[in-house]
Amino acid sequence: MRRNSAKILKVLILLVVVGVMFLIYRSLNGVANLPVKKDKVVEHPRHGAFFGGPPRNVKNEKIDWHDYEAIKADAARTGVGERGQAGLVPVEENDLKDTMYRSNGFNALLSDKISVNRSVPDIRHKKCKENKYFSELPSVSVIVPFYEEHWSTLLRTAYSVLNRSPPELIAEIILVDDGSEKTFLKDPLDRYVESKLPKVKVIHLKERMGLIGARLAGAKRATGDVLVFLDSHTEANVNWLPPLLDPIAENYRVCTCPFIDVIAHDSFEYRAQDEGARGAFDWQFHYKRLPLLEKDKANPSEPFASPVMAGGLFAISTKFFWELGGYDPGLDIWGGEQYELSFKIWQCGGAMYDIPCSRVGHVYRGPMDTRPNPRKVDFVSKNYKRVAEVWMDEYKEYLYERRPENFKNLDPGDLSEQKAVRERLKCKPFKWYMEEVAFDLIKKYPPVDPPDYANGVIQNVGSPHLCVDTLNVGNGGIIGVFSCAINHVQPQKNQWWALSWRQDLRQKHEEFCWDVSSSERNAPIRLWHCHTQGGNQYFRYDPEKQWILQGVYERCVEGDPIEKTIFVNQCDENNLNMKWKWGFLNQTAIDMWEDERKKFHGGKN
């Protein structure tokens with residue numbers, strides 16, 4: 001009897017020691033330092049069971065999910081970049097800043113000076129602060145693919161999710177290393193995560209699979225009810241998660257997208273991009289946007305339907321994601337995945353909404369060193385053709401007609417599994433999608449563009465041997481003049497311009513437009529992605545005076561034959577360097593310019 005008592009005592013002592021050690025471990029790993037709601041909801045007993053068990057939210061109870069203690073703590077923070085304010089790097093560190101900038105496409109040195117726990121401004125609509133959401137919400141697995149990501153931006157992504165999410169809703173954060181070569185993204189990252197970041201896991205892929213493959217790898221490991229995909233240089237904002245999950249809790253076939261705010265790549269200032277638009281595409285598969293409908297403008301804090309997701313940031317139930325077959329595994333690296341998933345969500349019985357009260361900041365990269373093509377082939381066109389062949393029916397021909405040289409002889413690979421998904425789910429035709437979901441897309445982005453007002457070379461009258469040339473600059477670069485191509489109507493790409501039906505001046509068959517952002521003398525002309533909104537990118541041609549006029553004040557484009565530059569100045573009828581000839585001029589269209597301007601821009605530039 002005494003021996004049995006001694007054994008029981010030893011077991012009790014052992015259990016006490018193990019319990020103490022566990023509490024110490026939790027403390028060292030920082031769990032106690034994370035924000036915790038006062039009225040914590042009991043964690044789900046089994047992640048992934050939300051949509052498979054008994055009905056949820058049967059009482060339709062909605063609660064305030066804000067963590068006011070965490071909001072108060074954020075408001076008290078001080079330091080570089082806090083509350084999303086712009087930061088600066090000392091002048092003496094400019095050389096290091098430039099080196100790190102070129103490697104990352106953003107001011108990585110400044111990022112390192114900003115806390116990974118920094119606060120961001122709450123820029124939601126005021127009604128969002130009053131909204132309540134279902135008391136029972138599904139758990140999430142947050143999947144963050146990364147390739148050669150910078151240390152502090154990657155960690156800030158994870159910390160922002162942990163700091164601003166109800167902890168009981170976070171099943172895990174999965175960081176998927178897509179074959180990075182930076183050494184700090186290997187063992188150092190693993191050790192840091194293990195010791196500092198509860199609920200965070202790191203997966204290292206053995207070889208580069210690309211964005212799509214990395215997302216799929218993370219999704220296959222996920223245990224949560226909902227998959228939330230984020231990019232690796234993002235920052236979740238206040239109470240971002242409950243509004244993102246609320247529509248999914250009501251219908252597991254709904255996909256939701258947060259509003260994506262801008263984190264400036266040079267200063268890390270956090271600001272709004274805009275107050276919403278509906279996602280779309282043109283017939284070269286460039287992501288575009290459609291205006292909000294009047295009913296959505298009247299309810300600025302409520303979700304609204306969107307035909308296409310922006311791509312990188314969205315939430316979808318694990319159940320629905322795999323019912324749809326996930327991403328097409330034949331899509332390689334990146335490109336086309338947002339269209340594939342958007343089309344099949346809508347065509348196969350689902351719906352997709354943008355959520356104004358869920359906001360996530362994103363670093364849009366600036367200029368950076370070019371990274372090599374991981375496949376040495378045009379994988380993007382192959383991806384596009386796979387999406388078009390499976391989901392777009394007869395509308396695929398509009399895509400192919402824009403780039404026949406890309407698609408004519410391109411083998412998209414085996415599509416049998418993807419077509420089987422469409423057959424199994426009895427998905428609707430693409431014509432239904434275009435008429436019921438993206439009903440106003442064709443008006444804004446017609447499958448066949450109306451004729452250009454003018455196209456071909458733009459030849460300077462004062463120096464007729466010179467024509468406007470891209471000078472091989474990329475987005476944001478300053479264009480100039482160069483020796484004219486032999487063929488003035490269909491010259492090489494660098495000199496083939498179009499005064500398009502959108503009344504902008506763009507590279508023919510491309511999405512780069514002339515843009516003038518300065519009102520000063522000799523204002524340079526840059527190439528920027530076309531936005532079709534007029535303003536800095538509004539140009540017209542006066543065939544009588546041979547002027548190319550820019551903007552609402554209609555200044556003239558002028559060439560400098562000595563410096564081989566072009567710029568914008570006040571017009572001067574005696575200056576031959578302000579006169580230009582087109583390779584082809586559509587006089588019929590030019591005569592209708594004013595009527596079309598009123599139709600397209602509402603009479604505004």
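At 7% relative accessibility, Cys348 counts as buried, where buried means under 20% relative accessible area, exposed means over 50%, and partly exposed is in between, using a 1.4 Å probe and protein chains only. Hello everyone, let me start with the ground rules. This is a predicted model, with residues numbered from 1 along each chain as its sequence is written. Local features need pLDDT of at least 70, side-chain atom pairs count only at pLDDT 80 or more, totals for chains, interfaces and linings use all residues, and side-chain values use heavy atoms, with hydrogens and water left out.

How confident is the predictor? The protein chain averages a pLDDT of 90, and 91% of the residues score at least 70; pLDDT is the predictor's confidence in each residue, from 0 to 100. Over residues 11-46, though, the pLDDT is below 50, and this stretch has 37 contacts in the model beyond near neighbours in sequence. A contact here means heavy atoms within 4.5 Å.

Now the layout. The protein chain is divided into domain 1 (68-363), domain 2 (379-444) and domain 3 (454-601), with bounds from an automatic or database domain assignment. Between the C-alpha centres of domain 2 and domain 3 there are 34 Å.

Back to our cysteines. The structure holds 5 disulfides, each a pair of cysteine sulfur atoms within 2.5 Å. Which residue pairs with Cys348? Its partner is Cys427, with the sulfur atoms 2.0 Å apart. The torsion about that S-S bond is about 105°, so this disulfide is right-handed. Cys348 sits in the loop between α11 (337-347) and β14, and Cys427 in the loop between α15 (416-424) and α16 (430-437), so the pair ties together parts that are 79 residues apart in sequence. For helices and strands, I am using DSSP runs numbered from the N terminus: H or I of at least four residues for helices, E of at least two for strands. Cys427 is buried too, at 12% relative accessible area.

Next, Cys128 and Cys357 form a disulfide, again with sulfur atoms 2.0 Å apart. The link of Cys128 and Cys357 is left-handed, with -80° about the S-S bond. It joins distant parts of the chain: Cys128 is in the loop between α4 (108-113) and β2 (133-134), Cys357 is in strand β14 (residues 351-363), and they are 229 residues apart.

What about Cys255 and its closest cysteine sulfur? That sulfur is in Cys257, 4.7 Å away, which is too far for a bond. Cys255 is buried at 0% relative accessible area, and Cys257 is buried at 4%.

Most residues other than glycine have a negative phi. Lys199 has a positive phi of about 70° although it is not a glycine, and its place is in the loop between α6 and β5 (200-204). Thr532 also has a positive phi, near 60°, in the loop between β22 (526-529) and β23 (539-542). Lys199 is partly exposed at 31%, whereas Thr532 is buried at 7%.

Finally, a helix. Helix α5 (residues 151-163) has 13 residues and reaches 18 Å from its first C-alpha to its last, close to the 18 Å expected at 1.5 Å a residue; the expected span is 1.5 Å times one less than the number of residues. Of those 13 residues, 12 are buried, including Arg156 and Tyr159.
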